[in-house]
Amino acid sequence: MFKHSQLESVKAWVAHPAHAAMPLHARVQRAIRQLIVDGALGAGKPLPASRALAQSLGVSRDTVEVAYGQLHAEGFIERRVGSGSFVAKMTEFTLGRRLPQRDRHLRNQTPNLSKRGAAMFGSGGIREQLLPTPFVHGVPETRTFPLQLWERLERQVRKELGAQTLLHCEPQGSEPLRRAIADYVNLERGARASADRVVVLTSSQQAMSLCANSLLDPGDRIFIEDPVYYGARKAFDAAGLECVPIPVDRQGLVVDQITAQPRRAKAVFLTPSHQFPTGATLALDRRLALIEWAARHQTWIIEDDYDSEFHYAGKPTACVQGLDRHDRTVYIGTFTKSLFPGLRIGYVVLPPRLVKPMTVARTLLDGHSASMAQLTLARFMEGGHFGAHVRTMRGVYAERLDVLARLVGKYLSDFVEPRVPIGGLQLPCVLTGDLQERIAVDAARRAGIELLGLSALHHARAGEAGFLMGFAAYTPFEIEGAVKKLAKALRAATKS
């Protein structure tokens, strides 16, 4: 007979709402099979008589007989005339508690990966916060997004295009969205774009991986900012590239150190409009010098313009791509920061000769971006809603940055010095006391506060210790509460 716990396990399985669609005999059969597979019923163990089990479960005897018959047909039990039913001996199947132990052993074994696969796995990947927690960086405010407007536009698209929205989309992206993107970057970023030069992707991260694998070979050199956005460095490392760090100062990337390099690189990656994480803007003379250097050496410039929409002081500088008359610049943009992360739409504006190769390469990754989201976004941009939303959020974010900078000065002045940027979605803070960065970040996490340490973003040199504080997704009230909590956590960390 079953032990009481085993009988209760069968009852729970049979009664579970998730299994309600199954016939009753199938539920009984699956529940007993699970006990056998888990090792709770070992080989040779007797099963209850069908009449007794039927009474215990409150079902008919025929139901149990059908369940036993199926278990017998599958080889899980043996039925002996005059003796009853018993768990079968299955030599080809490792039963019981040894199975999880074997699984644990296999999970701990080093997988047989390629060099590129090992590099990707070793990098740890890119982990995004599923829910905004102060002070996660790079997350926009989504609670005030005009969702009803978006849904109305989505319904319009579905009504007009019907089943077409359910089909594959062009790998390069839908033409209306490419046209809207080109119009936007030309007007707002001073780019030199047209619809036929735009490729719609799922993210800027995909764009960086695409560039790394399409434009360079393993072992090729690429100049990167130091400090640098971690997603870019991981993409380039995974592609087997040799990343050569170039320092950043208050005027952005130190281009003189690129032009003075004795060995050339095939590409340079930079965030010129709003350097990540320092917030510096690349000076115009450096932009022009970099463009001429790239043209002279036939090197690619990979420009990530990740949050250029949010500029709070003065007029934003035109993007490098718009100044590059030699067509050596790949311009990367995303709607993840300006609209909402779940949209999963980014894009590249490419030199004409790269459009076809990059589009073909993209088909090997994910084929295309979702048609419905692209067409809805195109309507959102064409109707002027995107520009209106960005202008609204620019004011909201500027206020939140002011609030955060003021509160950091009030409550955290014993620990950090804020470096207030002229744009972006995060505030860099440099540690000024004896508190170590790792200790500060760990203390904050224990208090429910997420900070990104600055040290790990440096590649070749010891940079200033500190952390980034994202502010865009949090109200002034939430920011104040989190800053006070952080101050308390840091004070406790200095005493321990």
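Visitor: Why is strand S12 called largely enclosed by the rest of the structure?

Guide: The model is predicted: local features need pLDDT of at least 70, side-chain atom pairs count only at pLDDT 80 or more, and totals for chains, interfaces and linings use all residues. Residues are numbered from 1 along each chain as its sequence is written, and side-chain values use heavy atoms, without hydrogens and water. Buried means under 20% relative accessible area, exposed over 50%, partly exposed in between (1.4 Å probe, protein chains only). Six of the six residues of S12 (residues 426–431) are buried, so the strand is largely enclosed. Gln-426, Pro-428 and Val-430 point one way, Leu-427, Cys-429 and Leu-431 the other way, and all are buried.

Visitor: What makes S11 and S12 a pair?

Guide: Strands are DSSP runs of E, at least two residues; helices are runs of H or I, at least four; both are numbered from the N terminus. Two strands pair if DSSP finds at least two bridges between them. S11 (residues 416–418) and S12 have three, in the antiparallel sense, so the pair meets the definition. Pro-418 stands opposite Cys-429.

Visitor: How many bridges join S12 and S14?

Guide: Five, again antiparallel, with S14 spanning residues 466–470. Gln-426 has Gly-470 as its bridge partner there.

Visitor: Why are S3 and S6 said to stand at the edges?

Guide: The open sheet has eight strands in the order S3-S10-S9-S8-S7-S4-S5-S6, with mixed pairing. S3 (198–201) and S6 (252–253) each have a single partner strand, so one side of each is left without a neighbour in the sheet.
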